[in-house]
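Take a slow look at the chain below.

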Amino acid sequence: MGFLDRFINRNKPQEVVNNIPKEKEQMRKTFGVYCNKHHNTNGEKLCAKCTALLSTVMIKINRCPYGITKPICDKCEIMCFGSQKNKEFMEVMSSATSAGMFFKHPVTAFKHKMSAVGVDYGRQKMEDDKRKRAEAKEKNAKEKAKAKEQAEKDKK
Ligand SMILES: [Zn+2]
């Protein structure tokens, strides 16, 4: 058990949590920090480009193939915004962190960080499980082959 199990207990039956409102809120804040810093805007008011990008993201979130228990977008492997918008989105998400997201919205930034860690952790665990299952299968097959060989020998 890694130390992260204390924070992310995946063996516990998971309740269905609607992640969408939380993520939208987080997204709005992140875009605000980014746009304020890079496009000379103020407060909640974003420039036209960021407004357009954010509204696309919001629409896509509502239609997320993962549904309401979705992982966070910047850790998602589907990235459904379209290739140009994906690029712009990732630019916003990574630049906002360096633009002071942690100072302006420490709680939001921290929670987002923890979700990101959770996604990475979950994915790694999935890979581990997959590997272990494959290993077990291989071992099983070997043992079966051995038993068969033994049985053949016994027959003779
Ligand atoms: Zn902007």
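Start with the buried residues of helix α3, which are covered by elements including α1 (20-38), α2 and α4 (106-155). Helices here (H or I, at least four residues) are DSSP runs, as strands are (E, at least two), numbered from the N terminus. Which residues of α3 are buried? They are F89, V92, M93, A96 and M101. A residue is called buried if 20 or more other C-beta atoms lie within 10 Å of its own, exposed if 12 or fewer, and partly exposed in between; the C-beta atoms are placed from the backbone.

A word on what you are looking at. This is a predicted model: local features need pLDDT of at least 70, and side-chain atom pairs count only at pLDDT 80 or more, while totals for chains, interfaces and linings use all residues. Residues are numbered from 1 along each chain as its sequence is written. The score pLDDT is the predictor's confidence in each residue, from 0 to 100. The protein averages a pLDDT of 87. In it, 90% of the residues score at least 70. Confidence is highest in helix α2 (residues 48-62), at a mean of 94. It is lowest in helix α3 (residues 83-104), at 89.

Now step back to the whole fold. The protein has four helices and zero strands. From the N terminus on, the order is α-α-α-α. The radius of gyration is 23 Å, well over the 15 Å that the globule rule gives for 156 residues, so the protein is more spread out than a compact globule. That radius is taken over C-alpha atoms, and the globule rule is 2.2 Å times the number of residues to the power 0.38. Along its principal axes, the C-alpha trace spans about 85 × 35 × 30 Å. Buried residues make up 15% of the 156 residues.

Contacts tell you how the chain folds back on itself. Two residues are in contact if their C-beta atoms, placed from the backbone, lie within 7 Å. Take the contacts with a separation of 6 or more: residues 24 or more positions apart account for 69% of them.

Return to α3. This helix has 22 residues. From its first C-alpha to its last it reaches 29 Å, close to the 32 Å expected at 1.5 Å a residue. The expected span is 1.5 Å times one less than the number of residues. Where is the kink in α3 centred? Look at T97, where the kink is about 65 degrees. The bend at a residue is the angle between axes fitted to the seven residues ending there and the seven starting there.

Next comes α1. It has 19 residues and reaches 26 Å from first C-alpha to last, close to the expected 27 Å. Its buried residues include M27, F31, V33 and Y34. The buried residues of α1 pack against α2, α3 and α4.

The largest nonpolar core has 17 residues, and F31 and L54 have the most contacts inside it. Such a core is a set of buried Ala, Val, Leu, Ile, Met, Phe, Trp, Tyr and Cys residues joined through C-beta atoms within 7 Å. At least two residues of this core come from each of α1, α2 and α3. Leaving aside neighbours within four places in sequence, L54 is in contact with M27, F31 and L46.

L53 lies in α2. Is L53 buried or exposed? It is buried, because 22 other C-beta atoms lie within 10 Å. Beyond its neighbours within four places in sequence, L53 is in contact with K85, E88 and F89.

E149 makes a contrast. It lies in α4. With 10 C-beta neighbours inside 10 Å, E149 counts as exposed.

Finally, visit two loops. Most residues other than glycine have a negative phi. N40, in the loop between α1 and α2, has a positive phi near 55 degrees. N40 is exposed, with 8 other C-beta atoms within 10 Å. M79 is found in the loop between α2 and α3. Its phi is also positive, near 45 degrees. M79 counts as partly exposed, with 16 C-beta neighbours inside 10 Å.
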